[in-house]
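Please open the model in your viewer and keep the sequence beside it. The stops below say what to select next and what is there.

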Amino acid sequence: MEKIIDEKTQGNTLTLEAREGNSRKLYIESYGCAMNFSDSEIVASILADQGYNTTNLLEEADLVLVNTCSIRDKAEQTVRKRLEKYNAVKRINPKMKVGVLGCMAERLKEKFLEEEKIVDLVVGPDAYKDIPNLLKEVEEGRDAVNVILSKEETYGDISPVRLGGNGITAFVSITRGCDNMCTFCVVPFTRGRERSRDPQSILREVDDLAEKGYKEITLLGQNVDSYLWYGGGLKKDFKNASEMEQATATDFAQLLDMVATAHPRMRIRFSTSNPQDMHEEVLHIVAKHPNICNHIHLPVQSGSTRILKEMNRQHTREEYMKLVDRIWEIIPGCSISQDMIVGFPTETEEDHKETMSLMEYVKYDFGYMYKYSERPGTMAARKLEDDVPEETKSRRLTEIVDLQQKHSAIRTAEFLGKTVTVLIEKESKKNKDEWSGRTEHNNVAVFPKENYKAGDFVNVKITDCTTATLIGEVVGYS
């Protein structure tokens, strides 16, 4: 899954049903991408077996965990501020233990224990099963660190406790780590090399979600297209697998087909796709199954081939455009969203114009756009000078965001007068008499509640829209 940070969910705490007999309280806060929120559910599941129930009251917690992100400096600064807050509470409740989980833990390791005197344990993304042992260490008065990245760990055997969700949509993790080595990205260093999860364990998790009444799942990975299961092991070691293992391997297209076939009434999304790994077979599977959403998140990062090369993205501008054309040939009307980084080292005005012209070509439905910020430990930080002035970055970002707004407005307006299927997810933020849900193209739609309920699939006739939201009325169940 691309490193998309949903600003609205940052710092959310997880609360789940209390388990009888559990007497200790866990407070867990998550930052960063969907993968981190999914990991927090795994951690809560592991700790439920250790006698912990979740709480959203920091003051009453025996154990406070913060699941961190290293993608942007801002995310790290936020976590440092939170640690100061925990410290204040810890003075009142000295028994409280504090731990840092996730990518920032991986990046800063022991530094955390030295700098942030408040932290008792530091746990990297592959070491969550070790938390019970680490807690024993802490209880005996020792600092505890486990940031060993694993070649095997996929947490396929732990069924996540679904936290703070709506009971309708869920993330299902299918790969961990990444092999792509984009020069701006810290993920290969904080989450390790890429490995895939056993397809049977994925199917079991989806079966379980269907049984519990979930209506939509998103298959998650830093890079879902390169999913490859051949009995376990790293993606990069596949070339050494036996003939039998290679012949019986499951790739992403096959996994998607399996899940969609097993649950025709379950709506399926996937994120994130990497252009160089997006195989045409996947597009045919999306076209074949009505329950797979016609929306592809296809990060491009830049419209300039020269910059793409500096970023170590394994595709050119032209290859990307060709892929977009193929998507629309095979899945007519498919919506496409983007990730963009502006102001990457050496980016010129010409490179920036190429990004704008690529956007004009695709007219993305929506996107996630960021200014480049140097992450320590990445290739770009080691080899490239962050040489684009801050004000230039800001201006370019504004131009790109404005252009995206314009394109989003064009794309949303295409639905005016049409009837679309919407899965009702929650009450509209702005009006308690309206439902809010998403279409298969990932547009948010709002409409009067009438007698419908959350979790229903309904047909909505679109009568109006803003740049980001469709407005309409229900014409019946879908």
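Is the crossing of H9 and H10 left-handed or right-handed? The crossing of these two helices is left-handed, a term used when the near helix is turned anticlockwise from the far one by less than a right angle, with clockwise giving right-handed. Before going further, note that this is a predicted model, in which local features need pLDDT of at least 70 and side-chain atom pairs count only at pLDDT 80 or more, while totals for chains, interfaces and linings use all residues. Residues are numbered from 1 along each chain as its sequence is written, and side-chain values use heavy atoms, with hydrogens and water left out.

**The helix pair**

Select helix H9 (residues 252-262) together with helix H10 (residues 280-288), which pack at an angle of about 15° with their axes 8 Å apart. That angle makes H9 roughly parallel to H10, a label given to angles under 35 degrees. Helices here are DSSP runs (H or I) of at least four residues, and strands (E) are runs of at least two, both numbered from the N terminus. On the H9 side, the contact (heavy atoms within 4.5 Å) is made by Phe 252, Ala 253, Leu 256 and Asp 257, while H10 brings Glu 281, Val 282, Ile 285, Val 286 and Lys 288. By class, the contact of H9 with H10 has 6 nonpolar, no polar and 3 charged residues.

Thr 272 is found in the loop between strand S14 (267-271) and H10. Most peptide bonds are trans, and most residues other than glycine have a negative phi.

**Two loop residues**

Select Tyr 155, which lies in the loop between strand S7 (144-146) and strand S8 (169-173) and has a positive phi of about 55° although it is not a glycine. Tyr 155 is buried, with a relative accessible area of 1%, where buried means under 20% with a 1.4 Å probe and protein chains only. Then go to Gln 301, in the loop between strand S15 (295-297) and helix H11 (305-310), where phi is again positive, at about 75°; Gln 301 is buried at 2%.

**Two further helices**

Select helix H1 (residues 34-48), in which 15 of the 15 residues are buried, so it is largely enclosed by the rest of the structure. Finish at Arg 411 in helix H15 (residues 390-413), which counts as buried at 15% relative accessibility. Not counting residues up to four places away in sequence, Arg 411 touches Trp 328, Val 362, Lys 363, Tyr 364 and Asp 365.

How values were computed
Axes are lines fitted to C-alpha atoms, for helices over the stretch in contact, and angles run from 0 to 180 degrees between N-to-C directions. Angles under 35 degrees count as roughly parallel, over 145 as roughly antiparallel, 65 to 115 as roughly perpendicular and the rest as oblique. Ala, Val, Leu, Ile, Met, Phe, Trp, Tyr, Cys and Pro count as nonpolar, Asp, Glu, Lys and Arg as charged, and the others, Gly among them, as polar. Buried means under 20% relative accessible area, exposed over 50%, partly exposed in between (1.4 Å probe, protein chains only).
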